[in-house]
Amino acid sequence: MATTLRRSLYVGLGGTGINAILHTKKMFLETYGEIPPMIGFLGIDTDKQAFEKKLDANINGEIVKVELEQYERGRISVADPSKVYEREKNDLLDWVPEKNVGYMRSLENGAGQIRSNGRIGLIINADIIKTAIQNRIHDIRQDIRSDKYNVVANSKDEIHMIFSICGGTGAGSFIDTAYLAKQAAGLIDGNNSAKIIGYALLPEVFKAMQPTGPAMKNVKVNAYGSVLDLDYLMHLDNASNKVNFKFSKTNKLLTNETPFSSVVLVDNKNSNRITYTHVDNLTEMLSVTLFLSAGEFGNSGASVLDNIESAKDVTKVKNKKSWVTYLGASEIIFKGGEIADVYSKRAVKSLIQKILSNNKDAADLANTWINQVKIREHQADDLINLIASNRLKSEMEDVDPENVTQDIQNFYNLIVESDEVFTNKEKTILANVMTELEKFIQSHINEPNSPIISTLNALKNIAEQVKVFRAEMINEEEQLNKSFPTKESQLTTAIKELKKYNSKWMKFGGKKSELQSDVKDMVHQIAITKIDLKRHIVAKNIYDSLLAQLQKEIDKIAEIEIVLRNVDGALDIVIANLQNYTNKKVNLFDIDLGLEFITSLNVKTDEIIVSDFINSLPSRNLYNINNQDAIAVQMENYTRTLPQTRAYEDMTIDDRLRELFDKQDGSFDKILEDAIAKANPLIDIDKQGFLEVNDSIAKQFYVGVYRAGISPIQTTPNFRGKLNATERVDYIPTGMKDRVVLYRLEGPMPAFAVSTIVNSCETEYNMYMDDPQKICPNIDKNLLNAMIMDEHSLMPGDELNIGMKYWALGWIFGYLRRKTGNYYYRRTDVDEKRGDAWVSLQTKRRDEAYIEFRKQIGKLQYMYDAYLQKTIRDNTADARNKVADAQSPVDGRAKYFNEIADCEVNRTTIEGPGYRDIKNLIAQEEGYVFDNLLNTIESYINK
């Protein structure tokens, strides 16, 4: 059956985003064995090292490296950004905050936690990145004609962007990348064929990793600046002023469209106080949700975020839109493959134990072979008799006294074989012995019962006995050599005696015969001795050669034993790591049901047949073992075929959950409760006193199951019974046989309700903005000025008018003025006659003066509140008259503009080109004066 997925592109920004999409890619590979054609990936970073990360994936039992291919990499490095800035500062880079210019650095190894640095890298490479996004979108939009895959019907393409808003690269590039993606996907100007979804990591996890130090100094202010920028842009609509984005000389975008369809903010703790202390845990959790997002949700082609997005209009709080979505996920895992892996490795140890067992009598094996090849020489003469007999094949005839020496030599030549003959005998016997030795080794080393040790010990026993035999040969040879001179001397004397009496034979005939007999006897003895010496020399040579070969074979088989014991020892470490999970991170969102299996596996030793293993070897021979890595692989290849290994390999999460459910011991329910708790969304909500927050938030629970309709999670009432009766649950078939995924998605809500941002980051952000020595955490000075002009704040309601309130009151009550063309504000806490009482706003333009004044209002408002309260209370009637004057029409125009505001341009000029921002500011001032001024004055009177 074909797998149905939606077209999805996963874009990772910075190291955090790249890590998340790598894990997502791994999940697709492990589930489908490949990347489906409608799925794409793109990583974007300034740091080239971020692209070098690789993950291990188990694809059909084979461990492969997962990485981003070259076409999936988008480098946004800039070798010398300072020079680039000097060249482009009046056009392409006119947005860089002045405070950040001095912090520019090489953008080849990261952005240094400065958002504007990351954005410079993106802008300079914007055309390249846009092309890369277009190419990846083109890839996933290819026509798919396959029996393996279908595309979700009636669904929009989805571009998922993952990033941190706390550093430099991701936080600096995510807004522009979103708009570039909209251009690439054809979404600008009303095209609605795709949606762009952002996933942003909040700062708490980074602070948890390293609470102090320079690496974390900007994470909170960058996060607040990012959310403030994003909040402003997510409030854009058709009535908003358009925002200008300059990506290149030819690509300049003026838009009032929001950058994202949805934005998911990811904190590091949920309502159950389950806390993530490393970013890798969060990126891996995100990868689960990203993987699920490609699945089919019902028959309508709905996306996981569709229900959330549909709630935007009913979750507004006063004038603040709700655009923040949040999520949580957990997994119930049973990795049969990992259990099979441990089992097969432990089975290898059992196989080695069988091969290296010792339950045979080595002496018996050795003696049997020695007797068989007839080389025994201790209490036997097997070898020398095999070489030659020491019995004469004929006797010497009567000795001719006149020719006795020649007769003796002739007899020796006849009886004692030549050295060449003995050399050939040596070769023949030795060849046979070596052949039989090889047969002995091959027969015993490949026996199913105690092959290695019994063979090794038998060879050692043979060698020890051969040493004894050789020593006997040497000893006997020495004795023969010692006896030889005596026998030669005796023969010489006998010959002399025979010759002496030869002339007297008539007289002494009997004596002559006796002497002849003596000579013959001595010749016989010497011949036997000569033969015996040659026998011993040949035997010693055979023993020497045999001992040398035995030592080689002993060393060879001993090396095989060492190799096997090394494999066994190495497996101890590997198995310990697997059993203790020390070779991988334990994710807080995981509930691993395989732990008890891994720690208590018992190998079925009767399944392990040594002969079957030997037959599985390429050479079918243990003798050829010589490489530790190779034999380890071959052994595990064999144990992978064992029935129990295959049973674990085939076991699914559903099988394991069904076992636990059938036990009825409460363990199944406990697992469900833990998984539900872990899946609570990662967000800390602070309503900031606005009770309507959360009232209309949409809540969606997705459960990813291996196959729809058969998981005990879905088929038993236990899971559904632990949820709120009104909580909607969708079950999604994932094809992942090793896990069930619980995925909670909630929202939307306004950004001010994110406790981490408002309660943890805002104070630090304000400190940075007030300090000229610290960086500006906002992405764009022009955008920041627009936010100030529009009185943009994260907070709803009256908080939005705070700057305008003090600006308008300043002109009415005299602590603002324009002198010699420049704008000034007065310090009301000192005597007006002091030289430092009036502070210049450093500009002759009203709109720029207001922006600078708005930046200072955080530290000025308390001073002005005290001044206004005293001034208004001391002369209430005058204060009310001032309101009346400011609000009274003069010739159809507001008196405020003509007599109070002291603007540098008149009504006619303000309508001309170049004064749009001043005109908009005056309109805001007049609007405040006519709509809010009286209430403001009365509030001071009544305090």
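On a 1 Å grid over the protein atoms alone, a pocket is an open set of points where a 1.4 Å probe fits, with protein on both sides within 12 Å along at least five of seven lines, and its lining residues have an atom within 4 Å of a point. Grid points are joined across faces, edges and corners, and a volume is the space filled by probe spheres set on the points. The model is predicted, so local features need pLDDT of at least 70 and side-chain atom pairs count only at pLDDT 80 or more, while totals for chains, interfaces and linings use all residues. Residues are numbered from 1 along each chain as its sequence is written, and side-chain values use heavy atoms, without hydrogens and water.

The second largest pocket has a volume of about 1400 Å³. Its lining comprises 45 residues, with Lys781, Asn782, Asn785, Ala786 and Ile851 nearest the centre. At least two lining residues come from each of α3 (98-101), β10 (243-246), α26 (755-770), α27 (781-789), α29 and α33 (916-942); helices (H or I, at least four residues) and strands (E, at least two) are DSSP runs, numbered from the N terminus. The lining has 16 nonpolar residues, 10 polar and 19 charged. Here Ala, Val, Leu, Ile, Met, Phe, Trp, Tyr, Cys and Pro count as nonpolar, Asp, Glu, Lys and Arg as charged, and the others, Gly among them, as polar.

An open antiparallel sheet is formed by three strands in the order β18-β19-β20, where pairing requires at least two DSSP bridges between two strands. Strands β18 (816-819) and β20 (838-840) are at the edges with a single partner strand each, so one side of each has no neighbour in the sheet. The twist from one strand to the next averages 35 degrees; axes are lines fitted to C-alpha atoms, for helices over the stretch in contact, and angles run from 0 to 180 degrees between N-to-C directions. Four bridges join β18 to β19 (residues 822-826), and arginine 818 stands opposite tyrosine 823 in β19. Helix α29 (residues 846-874) also packs on the sheet, touching β18 and β19, and its direction makes about 10 degrees with that of β19; contact means heavy atoms within 4.5 Å.

The model holds 61 salt bridges, each a side-chain nitrogen of Lys or Arg within 4 Å of a carboxyl oxygen of Asp or Glu. One of them links arginine 535 and aspartate 532 at 2.6 Å, N to O.

The peptide bond from glycine 747 to proline 748 is cis, with omega near -5 degrees.
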